[in-house]
Amino acid sequence: MPVSRRTLLAAGAATVAAPGLLRAQSTSAPIRIGEINSYTAIPAFTLPYRMGWQLAVEQVNAAGGVLGRKLEVISHDDAGKPQDAVRLAGALLDETKVDVLAGGFLSNVGLAMSDVAKQRKRLFVASEPLTDALVWEQGHRYCYRLRPSTYMQVAMMVDDAVKLGAKRWVTVSPNYEYGQSLVKWFKLLMQQRQPGIEFVAEQWPALGRIDAGATVAALAQARPDAIFNGTFGPDLTNFVRQGNTRGLFEKRGVVSVLTGEPEYLEPLGDETPEGWIVTGWPVESVTDASNAGFIAAYRAKFGEMPKMGSVVGHATITAIAAGIAKSGSVDTEAMADGFKGAKFPTPFGEAYWRAQDNQGTLGTYVGRTAVKGGKGVMVDWRYADGASAMPTDEEVRKLRPV
Amino acid sequence: MDLIFLQLLTGLAGASTLFLVAAGLTVIFGVTRVVNFSHGSLYMLGAFIAWSLLSRLPREPDYFVLGVLGAAVATAVIGAVLEVVLLRRIYRAPELLQLLATFGVVLVVQDVALWVWGPVDLSLPRPRWLRGAVEIAGLRFPFYDLVLIVVGPAVLGGLLLLFHRTRWGLLVRAATQDRDMVAALGVDQRVLFTSVFALGAGLAGLGGALALPQGSANLNMDLSVIAEAFVVVVVGGMGSLGGAFLAALLIGVLQAFGIALVPKITLVLVFLVMAAVLVVRPHGLLGKPQAMARGEVEALAPIRPAGPALQVLGLVALLAAILAPFVAGPYLLSVLTEAAVAVLFAASLHVMMGPGGMASFGHAAWFGVGAYAAAFAAKGLGAGMAVGLLLAPFAAGALALLVGAFVVRMSGVYLAMLTLAFAQIAWAVAFQWVEVTGGDNGVLGVWPDGWAADKPTMYWLALLLCVGGALVLRRALFAPFGFALRATRDSALRAEAIGLDAHRLRLAAFVLAGAGAGLSGAVFAYAKGSVFPTYMAIPHSVDALVTVLLGGVQTMAGPVVGAVTFTVLQSWLLMGDFWRIKLGLLIIALVLAFPTGIAGAASAVWDRWRGRAA
């Protein structure tokens, strides 16, 4: 029985109406999902993420669970260290006897867990890690990944970036794999689409330790027409404030990854620069049924607006539930095949697991930043489906050796 | 030319921010000798408190000043409480134990800040005057940066006046030179130390509060600032305010120009500067050789080999460890494997720290080099596990020889900080040399050979290599080499006089420690199946220090007890919620209960009991 959005919503309503009736169902042992994430190291993203999956578990179970069994999530904190994640993954597989591993925020933690899954031949569903390596270079049969990768995030914005018609570009991105990969793809895709484009300077601030004044001055010195930004979180706030005061963004196009996500947009407040092309989630202006239903349920449960992390947490559970339902069992080999092509509901609408590289087609929103009522918001947005932001199957085969 | 001038101003603003954080640290160290690891936490608290105050106050400049000063005072009060409740009790404890206590404070503050202020970054809406810019040579320069450029030297001036023109300052300077003499002259040291600590904490809070308008108060501020603050203090010369100011200028300005020329240098620039300065000037720019506080010069009693009772206990523990796979589940086994690795890692650091008298803040470097050597053997050469395990100690030892040549000439905190600098450089190489090391994505698939693939075999192998390695190190310390090494620690001059080559002995200990850590890193790599730059990052070096101090520096069993306790505690607490506050409080409790470490306390109890029995 595939779990559709409608069953979820109906079940949500049903729980409110008749909680006693549902408790009687599914007497067999629950399906266990072992979840590991950087709860203490990256709380701004992972705490909303946890609330997201808690909501999803509640909803799926209220709808009767999966294969007639309830879902149970056993969650641990990896403290941001891959070695701890590896040990905890072992604990979840051996002691807790979980059926599926899930989670991860940092790319290296995700890759470490994926390697355990490969070695132990157990299923791992990576929720947040964005590195392309997870499904391409280091990809394997037992690893699935939900969120749009660095390649996809960039590919979704390239159309708008080309329309800027800018010749001289500069880039600023955090100095680790995520940031390097963003810049690499952006340069490559832009050069294919817009011959004659020039990249005249680049800045690589250390993550969490940006020297914003010097970075902004160095970028301004290159006299660019447009800027590509990969910084986020505290670094982004510092960068934007220095850039605003020094006038770096005036009369320049800016393409900025993740900046539209509520967790990163909120701290910018009334200093949110206008007109940046960003990926994110316009949580205050989406009105379609699935978004609205999710936001309403989330607010009812937690009394606050969801963040991007909440969406990822929620979709992780529904994507696993749908995969198991399609596989018809929690046997790892059955799931490794069965997840392929499984369709699942997400707050952004329906998505599925791609058969060719185990990548989820959950997309993200692309739009422009604006300030309304002293807050940063996304306007002129559209939903960019993950399925349409991928290289051709031919190229994927080359990138994915398995 | 204008651009250069503007970049120079930007560098000066950065330097001011750096100086404000470092000033407090250097003041505290100068007087109390406490290496205050929680200084970053105080900085973070300053920013959060400033946010709480300023977001409730009107937006005018005078209220801004009021709010910032309020945050600084509040942080100073927190610092005073910290000193009275915690640090005052352990000034007489072995050197660096305070570091362990303040590490506990860092963990506690992280959870408390998350609980009080929540996970979202908190930014202060900037009023117009904070946003403004002034036109300099046709380019815009933030007005607030100009304010910072003035605040730095103003604070320096104020502090210098305080130290040189007041009676309190006179006493503080006297205590910096000879605290026992000051005490003998009837000055209440406790009041002096508390006030100095409060001043230092207040400066940290001021730094955090002043950083708020440039960005946000967030939960990563503590660790992002602490390493750089230490660098500034050490480059300037520990305890020297003028030195810290010079160092901040040097680093701030180099940073501003450095990233314009070599953008990818951001990860290591400050550590490169520190390494260069320390190699040329071992006590920093304006530092003087550390004046020995009275009471520290007395030679420590030599460590005795374990008595029969302890030996029996050790054998029983070893036997239990060997038999563990027959009763322990797979998870407990992987924790025990990590504990075995931690034993060798800690024992190797102990060789340097205990008998060698050389504390290292960068011991994880050798662990990481060993792990990468194993990864290289497995992936680059396609060789079996034996090759990797053999290659690792030699690779780490060879590199330790190279680095040690610079390091062992120094002593105390300067030596520790130089090891930190080299460790950070090694980390940056692993991080940025993506083609070879895989960058922060690491090297995957470093799994053991087929015969050792199952958990119990891997565990026994780890036990054999790590406990065996630790026993070899122990043997070396009870050999003439070990006694000679101790002699150079207790009195380098006398050791030289009887014909010992102190430099070579210390270097040998350094290489031995590096090789031991390298082997532990290789075992770890095979046990985990992957290698990442985090293996040689600062937190891992701190883990090593914590383990040794927790167990007790001046006992042979200390590192073993510490390694097992810390590994088991951490992996157990990590399974539950709020593990940081629990671990932090536990560490603080252990420090207060056992200032000589767990093994040190145990041996004292044993001696007393035996004394009474005899």
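User: Which rule decides that two strands pair, and where do strands E1 and E3 of chain A stand under it?

Analyst: Two strands pair if DSSP finds at least two bridges between them, while helices (H or I, at least four residues) and strands (E, at least two) are themselves DSSP runs, numbered from the N terminus. In this predicted model, strand E1 (residues 31–37) of chain A is joined to strand E3 (residues 100–103) of chain A by 4 bridges, and the two run parallel. Within that pairing, A:Gly34 has A:Leu101 of E3(A) as its bridge partner. The model is a prediction in which local features need pLDDT of at least 70 and side-chain atom pairs count only at pLDDT 80 or more, whereas totals for chains, interfaces and linings use all residues. Residues are numbered from 1 along each chain as its sequence is written, and chains are lettered from A and ligands numbered from 1 in the order in which they are written.

User: In what order do the strands of the chain A sheet lie, and which stand at its edges?

Analyst: The sheet is open and holds 5 strands in the order E2-E1-E3-E4-E5 (chain A), with parallel pairing. Strand E2 (71–77) and strand E5 (143–145) of chain A are at the edges with a single partner strand each, so one side of each has no neighbour in the sheet. From one strand to the next, the twist averages 25 degrees.

User: How should I read contacts between the chains, and how many residues of each chain take part?

Analyst: Two residues are in contact if their C-beta atoms, placed from the backbone, lie within 7 Å. By that rule, 56 residues of chain B are in contact with 61 residues of chain A. On the side of chain B that touches chain A, H1(B) gives the most, with 7 residues.

User: What does burial say about H14(B), and what is its span?

Analyst: A residue is buried if 20 or more other C-beta atoms lie within 10 Å of its own, exposed if 12 or fewer, and partly exposed in between, with C-beta atoms placed from the backbone. Of the 24 residues of H14(B), 22 are buried, so this helix is largely enclosed by the rest of the structure. The expected span of a helix is 1.5 Å times one less than its number of residues; for H14(B) this gives 34 Å, and its end C-alpha atoms are 34 Å apart, which agrees. Across chain B, 59% of the 614 residues count as buried, and the chain has 26 helices and 6 strands.

Conventions. Axes are lines fitted to C-alpha atoms, for helices over the stretch in contact, and angles run from 0 to 180 degrees between N-to-C directions.
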